[in-house]
Every structure is written in structure tokens, then in C-alpha cells.
Amino acid sequence: TASLLFEKGSIGSLELDHRILMGSMHLGIESDRKQLNQLKAFYSERAKGGAALIITGGVAVLPEGGGDHMFCLTEQDHRAQLQELAEAVHQAGGKIALQLQHNGRYAKSSETGLAPVAPSPVMSKVTKETPIELSVKGIQEIRDAFIEGAVFAKSAGFDAVEMMGSEGYLLNQFLSPLTNQRSDDYGGDFNKRMRLPLEIVSGIRERAGSDYPVIYRMSGDDYMEGSTTREETVEFAKQLVKYGVDALNVGVGWHESRIPTVAATVPAGAFSHVVSDIRQAVDVPVIGANRIHTPEVAEDMLKQQLMDFVAPARPWLADESFALKAKIGDREGLNMCISCNQECLDHTLGNPLLPVGCLVNPRTGHEWEWSLKSKDKNQKERKIAVVGGGVAGLAAAKAAAEQGGQVTLFEAKDQLGGHFLLASQIPGKDKFLETIRFYRTSLERLNVIVKLSTKPTIEELKVYDKVIIATGVKPYIPEHLKGANLPHVANYSDILSGKIPLGKRIAIVGGGGIGCDLAHLIAQANDMPADVKNFFGEYGVKVESPRRVDVTIISRSKRAAKGVGPTTRWVLLSELRRLGVNILKGFECHEITEEGVWVQSDEDRQFIEADQVIICAGQTADRELFDILKEHVPTEVIGGSFDASELNAAKAIRQAYDLVYNS
Ligand code: SF4
């Protein structure tokens, strides 16, 4: 059947080639003129990669509504940079919309140097700050700044403008009774709460003209108890259309809500019903964004008539040619976003000073510096060996072959993927297999010779011009720990590879990311399959999940899953709670006996009964080969075999690219 994704579409007067847009993303390098070439390269590659319309990251309309590395329209130089950006995208054959934003009570005074403002002084759980209540004059200034922002967008050549009114930012705050407790013209009943966004839309229509394309990003559901109701949300959508918006882009959830919207465990297309509710009520195109991460899911959304356009964001970080590959049916060659958030949202929301990158695509954020063309002529025709087929080795082989090298990859196991392959069993990490598939396909296309089940000898490696060692890590077993050699003690790798069967009462020594992930996997045995749960639910029968395993995590730190990123950690911990995993925080493992584990905290000593003890106490670098080989051939070491202090796939992959492109 013909693809609906590649039918032409339009947003007001803006004609678009197809239905895949690129949703708004903040990259953490905006507003820095030194980074403008990089920003242009990032967007231009996505324009060439087929985005029908690119929506910029939010641009602050006023300084107090902005933040670190955000463009702000009160700065003349930022305006000039934005204009250059629009020109670059047009030169690359793309179209671009400017997103206007005001963070309201989500703004941080530490970033803006100004007190945050909002409809009412309701503390933000995200920033822990209480904003100042806006005066009517202050509200009108914001209104005028949005309107003027749209006028600027038009004059600077942007093809459309989008207002950020979801995810709990200022316009969303005006709509919600949770954050708008005013009793003047801009608060109180719903008509008054809608007033500011509607005044902005009608002002834009007046000033930017009747045919300038206007998109409103609205919240389909705030997932906040006591917030805007479903009926009100639908009514708001109708009003926006009445006042002149050309398309509605529907987001979900606030940054404070406790329903995961971006975690890997959220099912594909989970929020499409919210988008479709809005679509039923209006006669302008409706755009859906959340959890649409593959062309198949996108196509399905359109086929079911749940939305008119899709605007994925993270999938464009993972693959700059997302739409182009979807169009030519190159699913095998698509680098898929694995929803890890490690290099994107965990930076934006956790540490905005770190620019956005992508775990599976190390070129993201480096498009300018790491041009795909070979920089190093000598690299061509060079014979390069990569030892180790985990993600670091795979990435190094790909990068070296892209630069023209003749590459051979050796992997000791009979499959590629290393620790990534093992980790793909963890709930929410099954998409890791897609990354391995992508790299495998890329290597095939680049004519890399892959030798599985092969440990090369020093003699064999000596014939190469360069060898890259990516042999990874071995689980660390603390030999000094009494009882560590008992037969019921295993390491995480033994369990994940299925070498050792699982026990029933399990103590996991180590409460970092690996220990918690492993507990999540094991404790799933305590969950009832969703269809069984639904079946009983339909008949109103309350059933208790079975309790097949007892899992205790012994965490030395008082903060379990410490290294896991902020967008994922709370979801993981709440899953562990739901599955009945016991976490002992601030406890040191003292001794393992045949019956269990003695643990000790500052104040307490306890015995944890266990028939199996799994050590997740870190790892050591596997670099024997490197130490010998470096005497004979130019040899480099990357990934876990370079630094085993943490298992960080993002770092390992980036290091592989860094080595090839910068050496
Ligand atoms: Fe997706 Fe992870 Fe890349 Fe973010 S870092 S775009 S979540 S793969």
C-alpha cells in the first residue's frame, strides 16, 4: 500500500513535501556565535536528510523567560544569528519554523539572572523557586513580545512560527488552574485562563498577516492532577483555531508530572489517543510527537487517522536522514533512537551547560567539525584492525571506514554487540539490538571485514598500519571480600549471558546502574503479563501478582542508581518499588556466607538471606592485548578497555569517532 507519510500536506499557506517534521529541540549551543557554524551544520544536515519542516528549539521572547544557551529575541545579535540559520536551512533545501517560548515558572534565576515570573506565585518543583506574580502590564508585555516575535520570524525568513504552549511552560501555566490562581481578566474561569494565548494568536494574525503560517504547540494532557480538564483542552483547541492558528502540535505531560512520557519503557504511540481527541474537534492539521520513533509507528499513526503530521524529535538526533531513509525504505540503514536520553534530554533537563549529542550517533553535535568527507588523505588505503565488536569497536570501524581506511574487525564472540547485546535484555533496552543492527549494516556497506569468533594473534595484527583496541571490560570481583568465591556467587555478565541460572532469593551487591537494571530484569518475574492483568481487570477481579523472586539490592551509596540520568532514574526506581525490590541504601557488603550476606551501615548490621549473590561492583579494563601490542604496531585503546571506571556507551562511541576524526 502507498505510504501516507509521503503524501504532500500543508499548514495554512505553507506547502510541505510530506508528513514528517522535525520537532523542536534545544541543543545547548544556541546563542553562542562561535557555535553558529555547528548549529547551521546540524540543521542543514537534517534539511538534506528530508525533514519536511524543521521547528527550532524554543527561542525566548523575553530574557526572564529564557535560560542558558537559549536565543533571546531582545538580543540583536541573536536575531542576526537566527536569520543566518534560516538562510542556511533554505540553502540546504529545507523549511524552518521558529518556536517562540517563555519558560515562566520553569525559568531558573541562576541562568537568567532575573526572578522568574508566572501567572501566580506557585513554587516549581523543577526549579524549587517561587515565581513572582505577573502584573497585568507584565502580561501585556509578554503578549506583545510573542506577537513581535512572530513578526520577526516572518521578516527573518522563517517559513512559519510555533508558539510553545505545552510541557508546563508559561502559556500552559496560564491555562491551568494549578498555576493560574488569578482573579483578574487573565485568570479565574476558563475563558479568562485562555485569554493570554488567544490574544497572542489574534495579535499575530493582525501583525504578521492572515497567511503567515502559525502553529500552536498545546498540551493534550498535562498529566497533573487538578489541571485543565479534557473538555477544556478540546475547547481550547477549538478557540485557537477560531482565532486563526493553522495547525495544532500536541504535546503531553509537564516536567513535574509523574507519568513518564520520554522513558524507554513508554510504549510506542502511547499518547496518540490524546492527539486524536483534538483532531476530532478541529478542522486544521494536527501534529503528534511523543513516542513516534520509527517510520512504521509514524505510518501507523497516519493510517489510523490519529494525526495529520508527525514531528518526532530525538529520532532526528539519532539519524540525520530519518525521513529520507523512511522514504526510500532503507529501514536497515536507519540509526534508531533507543530512548536512553543519556546525551539529549538528560543534558537539556539535567545539565543545560552540556550540549546535546546522541549516544548512538556520535556525529550529532559535531557535524561541522566531523565532516563526512575524509580530512586525512593518508588515512585512505590504510589497513586498520579493530579488536572488539562492542559498540566502541563497531563505531571505530565505521568511522575509520568512512574515512577511507580498509578495516577489519575482530570479535571473540560469535555475535557483535558486546555489553550492549547483554544489556538488550533489560526492560526498555531491547532497542539496543537496533543499534547493533545499524552498525552491522553500516559495516557491511562500508566493506569492513568482520571476523567473528576470532581472537587475533600479535603476529596477525602486526601487518596492520594501525590497531584500535576495544576489548571492553571484565566484571570486577572484589577478591578480598570474604565468601566472594563461594559457588552461589555470580557476576552480572554470567547472569545476563544465561551462563548461570537464577536463584529465588537474590542479593545484588552494588546499587549502581547495572545492579538496578539487573534487579529490574530479574524482578519482572513478579509481574503478571499485561493481557492477563487486563483480563481480570475487565471482570473487576483484583489479583495479586505472583512473588517468584525476592530481590535485595545492597547499595553502598545512599542514592541508588546514582549514575543513571535524571529522566530515567525516577522511572527505574518506581518500577523497582512496584516489583517489590528491596533496596538497602548506605550498606556495605561485609561477608558472603552460604546462607546469605552480612551487610553493615554506619548504625546497623544485618543478615540478608540469599541463595544467590550477584556482584555488580563495577568492572576492570580488558587491555592485556593493548599492553603487548603497542610495542609492535601503532595502537590505540578506546571504550571500556581505555577507562573502565563507568560503563558509558556514549563516551565509548564518541571516543571512537574522536580518535578517527581527530587523529
Ligand atoms: Fe535517542 Fe539516546 Fe540519542 Fe537521545 S541520546 S536521541 S534518547 S538514542
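1. In this note a residue is called buried when its relative accessible area is under 20%, exposed when that area is over 50%, and partly exposed in between, with a 1.4 Å probe and protein chains only. Helices (H or I, at least four residues) and strands (E, at least two) are DSSP runs, numbered from the N terminus. The structure is a predicted model, in which local features need pLDDT of at least 70 and side-chain atom pairs count only at pLDDT 80 or more, while totals for chains, interfaces and linings use all residues. Residues are numbered from 1 along each chain as its sequence is written, and side-chain values use heavy atoms, with hydrogens and water left out.

2. Helix α14 (residues 391-402) is largely enclosed by the rest of the structure, because eleven of its twelve residues are buried. The buried residues are Val391, Ala392, Gly393, Leu394, Ala395, Ala396, Ala397, Lys398, Ala399, Ala400 and Ala401. They pack against β13 (383-387), β14 (406-410), α15 (418-423), α16 (432-445), β16 (466-469) and α23 (649-662), where contact means heavy atoms within 4.5 Å. The end C-alpha atoms of α14 are 16 Å apart, in agreement with the 16 Å that twelve residues should span at 1.5 Å a residue; the expected span is 1.5 Å times one less than the number of residues. Just after α14, Gly404 takes a positive phi of about 100 degrees.

3. Five strands form an open sheet in the order β15-β14-β13-β16-β27, with parallel pairing, two strands being paired if DSSP finds at least two bridges between them. Its edge strands, each pairing on one side only, are β15 (449-451) and β27 (635-637). From one strand to the next the twist averages 15 degrees. Helix α14 packs on this sheet, touching β13, β14 and β16, and its direction makes about 170 degrees with that of β14; axes are lines fitted to C-alpha atoms, for helices over the stretch in contact, and angles run from 0 to 180 degrees between N-to-C directions.

4. The pairings within the sheet can be followed residue by residue. β14 and β15 pair in the parallel sense over three bridges, with Ile449 in β15 as the bridge partner of Thr408. β13 and β16 are joined in the parallel sense by four bridges, and Val387 stands opposite Ile469 in β16. β16 also pairs with β27 in the parallel sense, over three bridges, and Thr635 in β27 is the bridge partner of Val467.

5. Helix α4 (residues 136-155) packs with helix α7 (residues 195-208) at an angle of about 35 degrees, their axes being 9 Å apart. Ile139, Arg143, Phe146, Ile147, Ala150, Val151 and Lys154 in α4 meet Leu196, Glu199, Ile200, Gly203, Ile204, Arg207 and Ala208 in α7.

6. Helix α1 (residues 36-48) is mostly covered, with eleven of its 13 residues buried, among them Lys40, Glu45 and Arg46. The buried residues of α1 pack against β3 (54-55), α2 (76-91) and α11 (314-318). Just after α1, Gly50 takes a positive phi of about 100 degrees.

7. Strands β22 (residues 588-592) and β23 (residues 596-600) pair in the antiparallel sense over four bridges. Glu588 stands opposite Gln600 in β23, and a hairpin of three residues joins β22 to β23.
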